Amino acid sequence: MKFSTWDINLKVRLFGEALLDISFWMVFPFLTIYFSESIGRELTSLLLIISQVLAVFTALLGGYFADNFGRKRMMSISVIGEGFGFLVFAIGALHVVDSPYLSFAGFAIASVFMAFYQPASQAMIADVVPPEHRTHIYSVFYMMINIAVVIGPILGSVLFYNFTTETLLAIVCADLLLLFLLQKFGHETAPLLVNPDLQKEAVHKSIGTVLVEQLKNYKIIFKDKIFFLYIIAGIIVSQSFMQLDLLFPLYIKEVIGASNLFSFHFTGEQLFGVIVSINGFFVAALTVVVTRWMSHFREKFVFMNSSFLYAIAIFLFGIATGPWGAICAIILFSFAELMTVGLQQTFVSQLAPEDKRAMYFSAAGLRYTLGKVIAPLAITLSTLIGYTSTFFIIGILALISGLIYYYMYSEFEKQRQTS
């Protein structure tokens, strides 16, 4: 599908979201260091958990709002809310204000509204792109995000600590630009709003009713043993890859510290920016190649070995005392991520009944949303038992997730043979 034939919504979003993602990744990887220095690790860990719990409930409602109130409207509201959150963050970071709690409140507001954006965004692509081209369009947006992960941390490692308020205001400006593009060039695509017949049949419900119904739906599908094991394994292994934005920056700053690479001197923060960019580069450059390679192997071995590779990468990070050890660990870490990128959605689609497919995909997202709630505990744990022991525990969890994946796929294969 050529770019010239894309719906105007997609063209506008690709440009606007590229700027927003780059500016966002100039800040996001460094937030753990920023808040840990100002309010302490334990409180940072607790506040991150609270903000992610709020985001979980927001995500439960995001799909319903996007279907009933419109993709364009919810994306616009999300962008406004995110921009307001980062504006509050910027005000808290001003020298005359200097309030880390106000800054964190702004980040929490931005996190909640960001959770509204994705359901509407993904649904809009499905609305305007024929089924045979959706994989290509999704991969383009996925690649764009990973390009931002390469560029953003490099810029942020230089700009965020030296120009904190200005960098946060850059995100606000990117939000405003995306809002302008959505309002000026975007159009509504939600079937319920563009089809008069569907509008007559629509039944609007209260937020409480929607949330209760969503929870009931999750209860039903979690009775599927194989799917339940898939969620549990995903939550456990997520404790590994989510440390990229939580424990890794603290460890690199405090343990590895300032380092020299290729005759260049990097501070701890700048070295972390390089590490994150290496991860983004590998994911952006090798997704298609590795996915194609992994398709030649049985899925249960791919998922199991991906978890095992995460464990090895985490163990290496825990003993790394120099930049090259961290770089070797992040390369293994990136490859572990790449191994399952193309297989996760395929597995869910195989497992889900046709009449409940969307519900299964929505529930599968709990691997990440619930994982985000638990992951910040590693920050607190590191203050109690040290980095090495914390990384060791996370590595053991990754190994356990690999064993769960192996058992889950064995049961899945038995189920397919008997059906």
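This is a predicted model: local features need pLDDT of at least 70, side-chain atom pairs count only at pLDDT 80 or more; totals for chains, interfaces and linings use all residues.
**View B. Burial along helix 2.** The buried positions are Leu31, Thr32, Ile33, Tyr34, Phe35, Ser36 and Ile39.

View C. Phe84, Leu87, Ile91, Leu94, Val96, Val97, Leu102 and Leu169 together form a nonpolar surface patch of about 650 Å². The most is contributed by helix 4, which spans residues 71-93 and supplies three residues to the patch.

**View D. Ile91 within the patch.** Ile91 is one of the residues that make the nonpolar patch, and its place is in helix 4. Ile91 has a relative accessibility of 38% and is therefore classed as partly exposed, a class lying between the limits of under 20% for buried and over 50% for exposed.

View E. An unreviewed UniProt entry lists several spans under "transmembrane region", including residues 12-34 and 391-409. In the model, residues 12-34 are 78% helix and 0% strand, and the C-alpha atoms at the two ends of this span are 33 Å apart. Residues 391-409 are 100% helix and 0% strand, with 27 Å between the end C-alpha atoms. Other spans listed under this heading in the UniProt entry include residues 46-65, 77-95 and 101-120.

Methods:
Residues are numbered from 1 along each chain as its sequence is written. Side-chain values use heavy atoms; hydrogens and water are left out. Patches are made of residues with over 30% relative accessible area and no salt bridge: like charges are joined within 9 Å, nonpolar side chains (Val, Leu, Ile, Met, Phe, Trp, Tyr) within 5 Å. Accessible areas come from the Shrake-Rupley method with a 1.4 Å probe; for residues, only the protein chains shown count as cover. A salt bridge is a side-chain nitrogen of Lys or Arg within 4 Å of a carboxyl oxygen of Asp or Glu. Helices (H or I, at least four residues) and strands (E, at least two) are DSSP runs, numbered from the N terminus. Buried means under 20% relative accessible area, exposed over 50%, partly exposed in between (1.4 Å probe, protein chains only). UniProt positions are given in the numbering used here, feature names are shortened, and annotations may be inferred rather than shown by experiment.
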